[in-house]
Amino acid sequence: MENLIPSRKPQFATVTCPTCYTQVEFLLPSQNFLLAGSTVKVSCFACTFHITYSMSASGASPNSSATHTPATGSTPTIGRKKFRIGTDDEPYSLEYYEVLGIGPQATPAEIKKAYYALAMKFHPDKCKTDDAEERFKKISEAYQVLSDPVLRKKYNEYGPKNAAPEGGFMNPEEFFQAQFGGDRFIDIIGELAIAKHFKSAMADATDDEKEGNISTNVDNLSLNSSNGHSQSVDDKKRKQNLEKRLEEYELRKREREERVSKLAENLITKLKGYDARRESEFRRIIQEEMEELKVQNYGVQLLQSIGYIYSNKANEYLTKDDLLGVTSFYHKMKMKGHAINETFSTIKSAVDVHKTFVQLQEAEKRGELANEDLKQKLEAEAARKGIEALWQGSKLEVESVLKSVSDRVLGDKLQDATERKRRAEGLKIIGEIYRSVKPVVEA
């Protein structure tokens, strides 16, 4: 006699969370809600992310591999999946949009803002959750596609498998570092140390925070002072930290010297194209370069900073023999005042972001962030301030390095006064054109 196994109408469906990659199972809505094209929100039990699940014309299928394994944002079907092409309004897949927490109609500015906020929040050197590295990678992948108009269109039409960048995705850590200027600025400003040493900076900040908590706690101070062994351990740790920071200082000093030397060579090569008799041609070349640079990440801001340093350094050199050097002295003092203001802004930004993160952590401990919308708003604000602090630090670093580069190019003793003056004139033109850059209007 044949063993006949009874069946029942499907009651459950499965979907993979695009954020933590956990497969979740959920009870299907009542038949009245199983309309073709309708969607439901499914809360991931592992990370609480809200997954959009679309219903097919046939209703829904059970969690059987013989039928389907629905991808987030795609339409589940029974049997063979019918091929379709998505549109900008109704993308083939919503996965990358959901990873960044935005909709398909998001503007480039909104996509960039979402990436910066999430990248700061889940950077593995800042976020210590087990899934931070994987989430950071997924956030980077989503942004690399959606920030590129061509790749975004391919993604909207055919999904993630057909939208990978040529040559594959960039390393998420390197991609994060490249957000301040990108590769196109490397020959002008070099590799930003503040991005290169982001990991150690985060570690130092954590150590400082721990030491700060100890030093501001009177009870702990009293306990440590009365306990000779504890004080000895603390002294040893401080000595080790000091030695470590001295080593890092020497390393960064060498790196900076190498960076200045290389950038000076690059600038001298660029200035060889300047000839007073063909000034208009030189201006045209620099203008074209400026138009290309301004569309890079922070391109406008970097060009204005670079142009400021070039212009003032050139004017300082060209006026050093005018009116007993008074005009040159004025430009020199002007730059010192500018440097003081930028340093103050950088410190203020760093203090501000630290306070914001501390307030956020304390509010979470007190249970004041039960409101998810409020929590996301505060986290986005903290991330925004973090990015601003990184930019202020990067700007200060760039201007400091370019001052040294300009001094080396214009103070080259191997060249005669005529050649140094020619370089200064060319540098002044580059500075003027860079400073004239107009902000890019994003759609």
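Residues are numbered from 1 along each chain as its sequence is written, and side-chain values use heavy atoms, with hydrogens and water left out. Because the model is predicted, local features are limited to pLDDT of at least 70 and side-chain atom pairs to pLDDT 80 or more, whereas totals for chains, interfaces and linings use all residues.

The protein chain contains 15 helices and 4 strands, defined as DSSP runs numbered from the N terminus (helices, H or I, at least four residues; strands, E, at least two). Of its 443 residues, 41% count as buried (buried, under 20% relative accessible area; exposed, over 50%; partly exposed, in between; 1.4 Å probe, protein chains only). The accessible surface comes to about 26,100 Å², and 53% of this belongs to carbon and sulfur atoms (Shrake-Rupley method, 1.4 Å probe; for residues, only the protein chains shown count as cover). Among contacts with a separation of 6 or more, 65% are between residues 24 or more positions apart, a contact being heavy atoms within 4.5 Å.

In soluble globular proteins, nonpolar side chains tend to be buried together. The largest nonpolar core has 65 residues, and those with the most contacts inside it are L100, L146, I189, I306, Y310, V405 and Y434 (a core is a set of buried Ala, Val, Leu, Ile, Met, Phe, Trp, Tyr and Cys residues joined through side-chain atoms within 4.5 Å). Apart from this core lies another, of 11 residues, among them A13, V15, F26 and Y53. Leaving aside neighbours within four places in sequence, V405 is in contact with V260, L263, A264 and L267.

Helix 4 spans residues 149-158, and its buried residues are L151, R152, Y155, N156 and E157. These pack against helix 1 (95-100), helix 2 (108-122) and helix 3 (132-146). At the start of helix 4, a side-chain oxygen of D148 comes to within 2.9 Å of the backbone nitrogen of V150 (a polar contact is a pair of N or O atoms within 3.5 Å; within protein, one must be able to donate a hydrogen and the other to accept it, and residues adjacent in sequence count only if both atoms are side-chain atoms). After helix 4 comes G159, with a positive phi near 90°.

The structure holds 5 aromatic pairs (rings of Phe, Tyr and Trp, the last by its six-membered ring, with centres within 6.5 Å; stacked under 30 degrees between planes, edge-to-face over 60, tilted for the rest). The pair of Y96 and Y155 is stacked, because the ring centres are 4.7 Å apart and the planes lie at 15°. This pair links distant parts of the chain, with Y96 in helix 1 and Y155 in helix 4, 59 residues apart. Both Y96 and Y155 are buried. Y274 and F282 form an edge-to-face pair, 5.4 Å centre to centre with 65° between the planes. Y274 is buried at 5% relative accessibility, and F282 at 2%. Ring pairs also join Y96, Y97 and Y155 into a cluster.

T319 lies in the loop between helix 12 (299-318) and helix 13 (326-365). T319 is buried, at 13% relative accessibility, and its side chain reaches the backbone oxygen of N315 at 2.6 Å.

R435, in helix 15 (residues 417-435), is partly exposed at 41% relative accessibility. R435 and S305 are 130 residues apart in sequence and 7.7 Å apart in space, C-alpha to C-alpha.
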